Each structure stands twice: as C-alpha cells, then as structure tokens.
Amino acid sequence: MAKELLVRASHMEQTIAVIEKVDSMNSVQEKKDRYFERRNSLGSRHLMPLQSFYCPISLDIMVDPVETSSGKTYERSAIERWFAEGKDHCPLTMLPLDTSVLRPNKTLRQSIQEWKERNTIITISTIKSKLETDEEEEVLQSLDILQDLCLEREIHREWLQMENYNAVLIELLGSKNREIRKRVLRILSLLAKDNAENKDDIAKVDNALRSIVRLLARQIEESKLALELLLELSKSNMVCNLIGNIQGSILLLVTMLNSDDVEAAKNAHELLENLSFLDQNVIVMAKANYFKPLLHNLSSGPENVKTVMAENLSEIALTDQNKLSLVKDGALQPLLQLLLNDEVEIKKVAVKALLQLSSLPENGLQMIREGVAQPLLELLYRHSLQSPTLHEQVVATIMHIAISTTHQQAVAEQVSFLDSEEDIFKFFSLISLTVPEIQNMILKAFQALCQSFSGFSIRKRLKQISAAKVLVQLVELNTQTVRVNALKLFYCLTEDRDCSNFSSHITERFIKILLTIIEASDDAEEMVTAIGIISKLAQESHITQWLLDCGALKSILTCLTDQHKHASHKKQVIENSVEALCSFTVSTNLEWQKRVAEEGMIPLLVQLLVSGTPSSKRNAAISIKQFSESSYPLSKPIKKPSIFKRCIVAHETGCPAHLGTCTVESSFCILEANALEPLVRMLAEQDVGTCEASLDALLTLLNGEAPQSGSKILADANAITPMIKLLSHPSARLQEKILVGLQQIFQLDEVKNKYKSLATMPLVDITQSKDSRLKSLAAKGLAQLGVLDKQSSYF
C-alpha cells in the first residue's frame, strides 16, 4: 500500500511539473504577443520629449518627478538639493514653499515612462539592422546603446530576447574587431543573467557555444569575458552538457586554472565544477590533467562510477608529475577499496590503475605505507592465475613496488617489502609456472629487493630456498631475455661472497655459458654480469679448475685488453676481470699461477696499479702479492762459477730480493715486473682497501730467507715513510700490519737509525690506544728503536 502511494505521489509531481511548464510557455507566448502588438502600433520614428518632461532645475528628463506645495513639478533629487542649500522658495514662482511637502507626480512619471518605453521599443526594433553593417563605428555605437539598455531595466533584456537578438550577437563574435567581440560578450552575459530561458536560447544558436569557447584562447581581457559568459550559461544543465561536448573547451578551461589573473582562475575553477556533474566531462578533465573531480568521484561516487573513474585513470597517459599528484591527493585508498571488492572484474580495474601509478618509486613506497602491497600478493596467489592479463599486471605492479625499495627515501625510512619467508618463497616459486615476460618481472623484482635496505635478509632467504638452482636452470635454458635477468639476480646472491649455499648447484655447462656470454654477447650488461659472477664463483677450487679448463684466462685477457668491445661498460668489465684473477693467482696453487703468468697477465696487473680504479688497483695488488709469495722458492739459485771463470767473467749477483735468478714469467718477481714503484705510490691512496693491498704486496719482500735485503729494497724505494704515516690511519688492521712489518724492517740498523725520529711519535700515540694488541706492538717498536725500556709495563 505504501509503495502504491509513493508511485501515485511521484506521478502527481511529474504531472504538476508538465502543467507548470505548459503554463510557463503560455505565459511567455502571451508576453511576446502583447509586446509585438504594442511594437507594431508604434511606427518606426522616435518621439521628442514633451517640455513638461524636463526638470526646471536640472534641465534633464525626470526620473522621479515630485510636486511641491506651489503646484510645480521637479526631479526629486534636484529639489531636495535646492532645499539642502537653504532655499525655501519655488524656483519658478519664487513663492515660499513648505519644504516638507513633496508629492510624487504619478501621472507625469507614467507619461515619461511610457514615452521612454515607446522610444526604447523603437530603438530595439530598429537597431538590429545597424549591427549587420560593415561600419565598425556604427556597430560599436549600437552595441553601446544595447548594453546601456540591458543595464537599465530587466524588461529591456526581455525585449531584446523577444526581438531575437541572440543570433545577431553570436554572429558578431566572429568579427575581427576585438572591441566588438568584447561588447557582444558583455551584452550576452547580461541577457543570460538570471534568465534560464535565455541561457538555453543563446546556447541553441548555431555555433554559439563553439564561438564563445574559441574566445577563451584570446587575450586575457577578452577570454575573461568569454569565461564569465560561459560560467553564467553553465547554470543551465542543458547548456552545461553542451559546453563539455565542444572540442577543446575543457582543455582551455584547465589551462586558465593557472592564469595569473586570480578572478579568471577562480571562474575557470567554478565552471569546471559546474561541468563535473557529468561523468564524461570529468573524464575529459582528467585527460587535460585536472584530476580533482575524478578523485572526488573515485572516493565518493556510487560503485559503478568509482569503477568507471578507476578504469579511465588506468588508461589516461599520465606524466610523472600527474602520478605523484594523484597519489599525494589520495588516489590509493579508493583504489585499495576497489582492489578488496569481491568482484574480480572490479579488482582488474583497480590493478590496472595501480600499475600505472606504481611506475614511480615514490608512489611505490606510498603503496607500501598505505597497505596496498599485501592485498596485491594475496590477489596474485588466489585469483590472478585464472586471468593471464590480471596475473601479468599484478606481477608488474609488485615489480614496481619492489623497485621503489631501492629509492634513497626507502633507505632513509628503512622501508621493506616481502619480509616473510613464505611470501618470498611463494613469489619466487611463480617463476616456474609462468611465461618469460612474467619471469623477467619476478627476476627484476628480486634484483631490486636484493639491493634494498633489507637486501641481506632477502638474499639469505633466497639462498635458503635454493633460488640459485632455479637461476642456473633458467640460464641453461638460454632464453636471451630471461637469461640476462637470471644472471643479474644470481650476481646479487654472490654479493655477500658466501657461495657455499649454492656452489653445489653450479654446473660445468653453466660455466661454459658464462664464458660464451663474455666472448660473444652483444649485451654489455649481460657480459659485465657474467664476468662478475665468475669473479665471485672462482673462489671455489673445483669451479676455478672448470674455468681454467674451459679457457677462462683467454676470456679475461680479452676483457682486459680489448678497448673497443663494450666500451661504455669498460670500467666494470676491467674491475670484475681483475677481481676474478685473484682466484687464479693464489699462492697455494703454483700451476694456476704459472698459467696466468704464461698468458702475460702480470704486466697488465702492474699497469692497472698505475691507471686502474681503486677497485682494480686493490685486486691487482692482491694478485701481485699472491704471485710474490711464490717468488722466493721459484727464484733459481745462482751457481758458483769455477775459479777460472771468476777471473774472466763478472760475478752474477742475482735478484737483490730473492737472491737468485728471477724473471716475471718464471718467479713472478715484483722487481722484475717493475711493480715496486706503483705499489709504493698506492700507499698514499685514499681508499683503505687499496692501501692495505699494496702494503701486503710490499711486505712479501720481507718473507724470504733474507728479510734484511727486503728492508733495504723498501728503504731504497722510499716505502718506509708512507708506511709510517699510515700508522695514524684509523684502521686497526692496517696499523697492526705496519707495526709487524716495521719490526722486521728495523732489524737493519741503517734503516732503523734513518727512520727512528720519524717513527717515534706515531708509535707513542699508538701506545695510548685502547687496543692491547696494538699497544704491545707499538711498545716493541719503541723498544727496538731504543726509546722504551724492554722491561716496560706496556709489554
């Protein structure tokens, strides 16, 4: 029953509305009929005003005539001013007046009004033809008259409407004369103001709105007038709909939002707000980079509208600044709500929009903060496998979020993603279930996570789930794009230099593929990654042997000597190559060292001591140090000549360091390789690792059977002074190595005496150290120099 009553009430309201509209139309038509009947009865000539219409004081036609006590009529304002000046007699009769008596002369006032209306109607009916002439001055004068009439009375505006001035005025908007266009815009605004019918009538004129919109692109004064007119017209829903449909209208309005003119910007904003009642207009605004209405609908609209807004947001081409602004202004939470919706199709729309916004690291971080990331993972495991497109878009979004964790802001805030072992396992496991495109995205996501604030724990967990085994398999499948990213992630896992968890998964085939990449790949990053992996894996002896057997040394030699191949990545290529060599030059395997020397690597290493990066210098010095550790036993003893030969042949002295016959190839001698001078210079490097590596190499000269010879060589090479200076370095390990080395060096009295004064104060400073080991070594050094008693409490 209640429902039936509601239906009847609604029907009644609609009926009343229709009747009111018909009545209104009838009323308007009656008005028009009366107007034209009157107009047609007037003729076409203006009547001159009667003499009685003029005020005797002001001599102007009266507006508010009043009769005084003398029976004479004046303009009210004029006679009141006469009295205010202290005059109390009649201006015409000079008789005394009762200043309190001023009676409205209604009859005269009506006569004046009728005369004015008659002439105004004639003016309005005849001036239209003047607007259609080519005489611009006449047009301008006519427009001024019309504007004054519109300002004077509302009825005048109604008469202009009845005379159908709209079409003529709209036509004038195409004039080349700016002043004509500006006057027309003002008149049209007056006609539209507070008149809903005329708003619609103006909009119905052919090309009316298009002509007005076009003027928005003119100079600011004219565009402001066009904007004011459109704003007034937009108060009609019908016109509002039409404005939004005009090509370029919303774009011009959005442009005016940034106007330096405050009023223009305010009006543009208000007009856009009026237009935003239509969803289609909101979408066009968003395409013009005005997103406020879209965000409002996305947050507060009905569910179907929210979905439409999200769908369009996902398809609009957004700049990076747009993406930042959208997230900053609150786009994520409504999209998250759509993501949590039970309908899969709505989830798809939300994911597509999030994918577009997530491409900026700042937005990816905000998604982590606002809790978007976890629902994406849950969606990935529960729904997306049923839809390949959704699957791909979810993974792509997760990849973007993972990449955002490498942003400096994420590091500063210690933002993490994929924290749990379960999430890491699930996400990584998808690699085996997907197509190459998605495999690449998962691999890129983990590459980023391995470099993030929580990178160490991510790498640790990947090793625990045997990720290396899967990566090796992907590389061996040899699909180019997947192979590159699998290698990069594998390289990330070697960053901690702990290969024990996955070295068992390395196969000889994998090694061969790495070497093939180094020799033949056109992808510089892939090649750099491959040599980087070798530099880490070679620490395992069986892998090093595989590398040697597969010709790795020739590949490394090519990397070090070919200046043209992958020139843009040459620095990384050389750094990784030199690091790899460190595993082939260990002093525990003389055979490997010989093979490296036979390839001519030692001179290249010496050259890198001079021209390499800090990393290259450090690793080159490590290899030279390892070579030098084998030099003494490899130096061939000098045979004593017979008494006869001693008389005719000069005595062979041998290598001053190793006391035998040395060459670069046979004994890897530092001196023969001319490595001594660059190693000494490296002691002054800023990088502590480089200093330490060069120090280790130099100190190998003290390890033979004649350490005093090594001391003499280091002194002659001016190595002692920079070593003493390094005693002030904050690195305790570096200090300890120098203290131990100086004890051996100062066994040679001439060296000890020469450097005693220089070494004393640094040694004294170290005795004040909290490190007991360093204090003891420094005390021994001072005792050796004779500065400290050997029974001192420092020992």
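**Charged side chains, cysteines and distances in a predicted model**

Glu 137 lies in helix α4, which covers residues 136-152. The structure described here is a predicted model. With a relative accessibility of 54%, Glu 137 is classed as exposed, because exposed residues are those over 50%.

Opposite charges were examined next. Side chains of opposite charge can pair when their charged atoms come close. In total, the structure holds 35 salt bridges. One of them links the side chains of Arg 76 and Glu 80, with an N to O distance of 3.9 Å. Both residues belong to helix α2 (residues 76-84), where they are 4 residues apart, or about one turn of the helix. Arg 76 has a relative accessibility of 24% and therefore counts as partly exposed. Glu 80, at 38%, is likewise partly exposed.

A further salt bridge is found between Lys 352 and Glu 315, whose closest N and O atoms are 3.9 Å apart. Here the partners come from two helices: Lys 352 is in helix α19 (residues 344-357) and Glu 315 is in helix α16 (residues 303-315), so the contact ties together parts that lie 37 residues apart in sequence. The relative accessible area of Lys 352 is 31%, so this residue is partly exposed.

The side chains of Arg 681 and Glu 677 also meet in a salt bridge, at 2.9 Å from N to O. Helix α40 (residues 676-682) contains both residues, and they are 4 residues apart, about one turn of the helix. Arg 681 is partly exposed, given its relative accessible area of 43%. Glu 677, in contrast, counts as exposed at 56% relative accessibility. Elsewhere, salt bridges with shared partners connect Asp 144, Glu 179, Lys 182, Arg 183 and Glu 221 into one network.

Cysteines were considered separately. A disulfide is a covalent bond between the sulfur atoms of two cysteines. A search of the whole structure gives 0 disulfides. Cys 90 is accordingly in no disulfide, and its nearest cysteine sulfur, which belongs to Cys 55, is 11 Å away. Cys 90 is buried, with a relative accessible area of 0%. Cys 582 has a relative accessibility of 12% and is also counted as buried, because the class takes in values under 20%.

Ala 208 lies in helix α9 (residues 208-214) and is buried, at 1% relative accessibility. Between Ala 208 and Tyr 632 there are 424 residues of separation in sequence and 100 Å in space, taken from C-alpha to C-alpha. The second pair involves Gln 768, which is placed in the loop between α45 (749-767) and α46 (772-784). Gln 768 counts as exposed, at 54% relative accessibility. From Gln 768 to Ile 465 the separation is 303 residues in sequence and 49 Å in space, again C-alpha to C-alpha.

Note on methods:
Residues numbered from 1 in each chain as written. Predicted model: local features only at pLDDT ≥ 70, side-chain atom pairs only at ≥ 80, totals over all residues. Heavy atoms only, no water. Buried < 20%, exposed > 50% of the residue type's maximum accessible area, 1.4 Å probe, protein only. Disulfide = S-S within 2.5 Å. Salt bridge = Lys/Arg side-chain N within 4 Å of Asp/Glu carboxyl O.
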